[in-house]
Amino acid sequence: MVSQTERDEMTWYECEHCGLMFDDESDADQHERNCDSEEPSYIQ
Ligand SMILES: [Zn+2]
C-alpha cells in the first residue's frame, strides 16, 4: 500500500516496498503493483 507524505507543501506518495517517491498517486500505485522489491529498504 502506498503511503502518503507531505513535503515542501507537496503531497508525495511512497512505495512501501522500496521507498521510491512519486508526486502522483496513480504512478505510485502502478509502480507498487509492479515493484519486485520484497523488503523495505529501511530495514537494516
Ligand atoms: Zn517500489
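1. D36 counts as exposed because 6 C-beta neighbours lie inside 10 Å of it. D36 belongs to the segment after α1 (25-34), and its C-alpha atom is 8.2 Å from that of H17, 19 residues apart along the chain.

2. The model is predicted: local features need pLDDT of at least 70, side-chain atom pairs count only at pLDDT 80 or more, and totals for chains, interfaces and linings use all residues. Residue numbers start from 1 along each chain as its sequence is written.

3. Helices (H or I, at least four residues) and strands (E, at least two) are DSSP runs numbered from the N terminus; two strands pair if DSSP finds at least two bridges between them. The open sheet has three strands in the order β1-β2-β3, with antiparallel pairing. β1 and β3 stand at the edges with a single partner strand each, so one side of each has no neighbour in the sheet.

4. β1 (residues 3-7) and β2 (residues 10-14) are antiparallel and joined by five bridges; T5 has W12 in β2 as its bridge partner. Two residues separate these strands in their hairpin, where D8 takes a positive phi near 50 degrees.

5. Two bridges connect β2 with the antiparallel β3 (residues 21-22). M21 in β3 is the bridge partner of E14, and Y13 stands opposite F22. This hairpin has six residues between its strands, and G19 in the turn has a positive phi of about 85 degrees.

Definitions and conventions
A residue is buried if 20 or more other C-beta atoms lie within 10 Å of its own, exposed if 12 or fewer, and partly exposed in between; C-beta atoms are placed from the backbone.
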